Amino acid sequence: MALVATTLVYLLAARLYRRWPGPLTNPVGLTVLALILLLKGVGYPLERYQTETWPLVTLLKPAVVALGWVAWRERARLAGRLLPFGLGLFAGSAASLVLTPLLARALGAGPELQKALALKSVTSAVTVDLAPRLGVNAELAVPLIIAAGILGAALGPWWFDRLGVRDPLARGTALGTASHGIGTARAAEEGALALAAAGLAMAAAGLVTALLAPPVLRLLGLG
């Protein structure tokens with residue numbers, strides 16, 4: 001029942017997005033919101049929902065492998081632009097690690113929330129493993145990661161258009177670095193090069209963050 005409901009809600013949200021594309025009609029965001037309201041409204045247990053939708057989680061693994069195939073097909077166009085890709089990846093990962101907790105601190109957030117927000121641009125799978133090593137509450141970090149992915153996928157391309165960022169490599173790198181899997185899915189609409197850059201950025205951002213997080217958190221007094 002939960003699997004069917006999730007599929008139908010997403011297909012409806014995707015149809016709505018195709019008819020009225022925009023930040024507020026992002027299909028992932030609409031699906032998440034609709035399912036939260038639906039499950040809450042009917043009192044459907046979250047544990048049962050997770051059990052019944054396991055096929056969707058299982059499909060994530062081959063989907064990630066498929067991104068490698070896209071990158072391989074676009075290797076010629078990527079090879080000549082590794083420097084801007086690497087600089088964008090590093091700048092995005094470092095900004096998330098440093099600026100996000102500092103902004104949260106300025107707004108009055110406590111140390112626990114600051115540390116969780118520092119990992120907002122890393123995939124949830126990486127965060128679950130990385131968080132305990134850094135003293136970060138994974139149960140707090142994962143919902144923030146999902147929110148960052150949805151917001152980035154919904155608003156990122158909208159901002160790119162208004163800032164005049166047209167290069168598919170730049171758009172894909174930014175979406176993959178800042179919004180991980182959900183942003184990468186949105187990058188598929190930007191073309192093959194954007195999707196390849198987003199997939200590589202998503203994977204590489206996890207590695208960069210894992211290497212930079214310990215010294216950065218100590219520098220910020222959060223280690």
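1. Among the contacts in the protein between residues at least 6 apart in sequence, 66% join residues at least 24 apart, where a contact means heavy atoms within 4.5 Å. This is a predicted model, in which local features need pLDDT of at least 70 and side-chain atom pairs count only at pLDDT 80 or more, while totals for chains, interfaces and linings use all residues. Residues are numbered from 1 along each chain as its sequence is written, and side-chain values use heavy atoms, with hydrogens and water left out.

2. On secondary structure, the protein contains 12 helices and zero strands; helices (H or I, at least four residues) and strands (E, at least two) are DSSP runs, numbered from the N terminus. The radius of gyration is 18 Å, close to the 17 Å that the globule rule gives for 223 residues, so the protein is as compact as a globular protein of that length. That radius is taken over C-alpha atoms, and the globule rule is 2.2 Å times the number of residues to the power 0.38. Along its principal axes, the C-alpha trace spans about 45 × 45 × 35 Å.

3. As for the surface, the protein exposes about 12500 Å², of which carbon and sulfur atoms supply 72%; accessible areas come from the Shrake-Rupley method with a 1.4 Å probe, and for residues only the protein chains shown count as cover. Buried residues make up 39% of the 223 residues, where buried means under 20% relative accessible area, exposed means over 50%, and partly exposed lies in between (1.4 Å probe, protein chains only).

4. Turning to charge, the protein has 19 positive and 10 negative side chains, and the centres of the two sets lie 5 Å apart. Lys and Arg count as positive and Asp and Glu as negative, whereas His and the chain ends are not counted; the place of a charge is taken as NZ of Lys, CZ of Arg, CG of Asp or CD of Glu.

5. Helix α11 (residues 168–187) holds Ser-179, which counts as buried because its relative accessibility is 2%. Leaving aside residues up to four places away in sequence, Ser-179 touches Ala-148, Gly-149, Gly-152, Ala-153 and Ala-174.

6. His-180 is also found in helix α11, and it counts as buried at 5% relative accessibility. Most residues other than glycine have a negative phi. His-180, although not a glycine, has a positive phi of about 40°.

7. Arg-171 lies in helix α11 and is buried, with a relative accessible area of 5%. Not counting residues up to four places away in sequence, Arg-171 touches Pro-157, Phe-160, Asp-161, Val-165, Arg-166 and Glu-190.
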